[in-house]
Amino acid sequence: MLRSCTAGLRSLWALRGRREGAARLSADLQPARRLFSTEKAVHKDWALPNPSWSKDLKLLFDQFMKKCEDGSWERLPSCKHTCTYKSEDFKTYFLDPQLVEGEGLSQAQLFTRGFEDGLGFEYVIFNNNDEKRTVCLFQGGPYLQGIPGFLHGGAIATMIDVAFGSCAAISGGAVMTANLNINFKRPVPLCSVVVIHSQLDKLEGRKLFVSCNVRSVDEKTLYSEATGLFIKLDPKKSST
Ligand SMILES: CCCCCCCCCC(=O)SCCNC(=O)CCNC(=O)[C@H](O)C(C)(C)COP(=O)(O)OP(=O)(O)OC[C@H]1O[C@@H](n2cnc3c(N)ncnc32)[C@H](O)[C@@H]1OP(=O)(O)O
């Protein structure tokens with residue numbers, strides 16, 4: 001395992017070197033890195049394959065893209081600068097308008113998208129709105145190491161939180177994490193791909209109860225199980 005991880009790291013560093021030219025993305029990948037615009041800015045969609053994605057991740061991505069064709073599943077785009085996930089709701093209800101308008105948020109970016117390709121969180125989330133569940137395909141890079149050769153538990157918790165957030169948002173819209181419970185059953189090898197299956201178990205007023213499991217690509221290894229409580233934000237309340 002360690003040998004394959006070392007090989008993975010070596011190829012990541014080689015990749016990094018190759019990318020230090022003027023063209024950051026290779027020409028053939030530029031169409032895949034779709035750009036889409038909002039009123040204010042142009043944002044890159046990070047939930048698409050890049051050269052650091054392993055064969056496993058690309059294969060699973062293709063399988064889920066196929067499932068999207070009949071509309072039962074949808075791939076969630078992902079921006080560094082929170083152009084998705086109804087960020088306007090959060091701004092309206094929870095942020096000081098001066099902070100929003102001023103320089104305060106100009107440096108802000110999504111924690112999980114703050115790493116160079118392949119070094120941190122590589123992931124894509126697919127939603128099944130009818131079944132109120134999500135699948136998150138996640139490859140944790142070398143900067144997420146905890147004990148040598150394995151992912152940091154905090155990185156796994158982060159990814160579970162993000163996957164849960166997307167799952168809860170299907171029914172709740174703008175939600176926040178109130179509680180997370182994680183059982184870490186097996187360590188996750190660095191640079192491997194895991195699949196996080198999340199589902200909404202119960203909706204009770206503003207409370208959304210979710211659960212998930214984190215498994216290897218072949219589903220033989222159960223790495224973690226978790227439950228979470230998300231609260232639908234109340235526009236009449238302020239968190240500050
Ligand atoms: C593109 C981006 C995609 C990224 C996805 C990212 C996902 C990441 C999401 C996060 O990490 S959010 C950051 C971490 N979370 C926080 O910082 C939340 C901090 N907590 C709060 O702001 C408030 O506690 C919260 C908004 C969650 C709830 O406050 P409210 O005032 O709106 O609700 P309230 O306290 O009235 O509680 C509503 C109900 O939930 C229950 N509740 C709240 N917190 C609970 C808790 N921790 N455990 C159990 N029950 C809880 C509470 O008892 C009550 O139950 P009942 O309706 O039955 O009376």
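How many aromatic pairs does a search of the whole structure find? I noted nine aromatic pairs, where rings of Phe, Tyr and Trp (its six-membered ring) pair if their centres lie within 6.5 Å, and planes under 30 degrees apart count as stacked, over 60 as edge-to-face and the rest as tilted.

Before going on, I wrote down that this is a predicted model, in which local features need pLDDT of at least 70 and side-chain atom pairs count only at pLDDT 80 or more, while totals for chains, interfaces and linings use all residues. Residues are numbered from 1 along each chain as its sequence is written, and side-chain values use heavy atoms, with hydrogens and water left out.

**Entry on the rings.** I looked up Phe121 and Phe138, whose ring centres are 5.8 Å apart with planes at 20°, so this pair is stacked. Because Phe121 lies in strand β4 (residues 121-128) and Phe138 in strand β5 (residues 133-140), the pair ties together parts that are 17 residues apart in sequence; helices (H or I, at least four residues) and strands (E, at least two) are DSSP runs, numbered from the N terminus. Phe121 is buried at a relative accessible area of 4%, and Phe138 is buried at 1%, where buried means under 20% relative accessible area, exposed over 50% and partly exposed in between (1.4 Å probe, protein chains only). I also found one aromatic cluster formed by Trp53, Phe61, Phe64, Trp73 and Phe126.

**Entry on the sheet.** I then followed the seven strands, which form an open sheet with antiparallel pairing in the order β3-β4-β5-β7-β8-β9-β6; two strands pair if DSSP finds at least two bridges between them. β3 (74-76) and β6 (175-184) are the edge strands, each pairing on one side only. Strands β7 (residues 193-204) and β8 (residues 207-216) pair in the antiparallel sense over ten bridges, and Gln199 stands opposite Ser211 in β8. In their hairpin, which has two residues between the strands, I noted that Gly205 takes a positive phi near 65°. β8 and β9 pair in the antiparallel sense over nine bridges, with Val210 standing opposite Gly228 in β9. Five residues lie between β8 and β9 in their hairpin, and Glu219 in that turn has a positive phi of about 65°.
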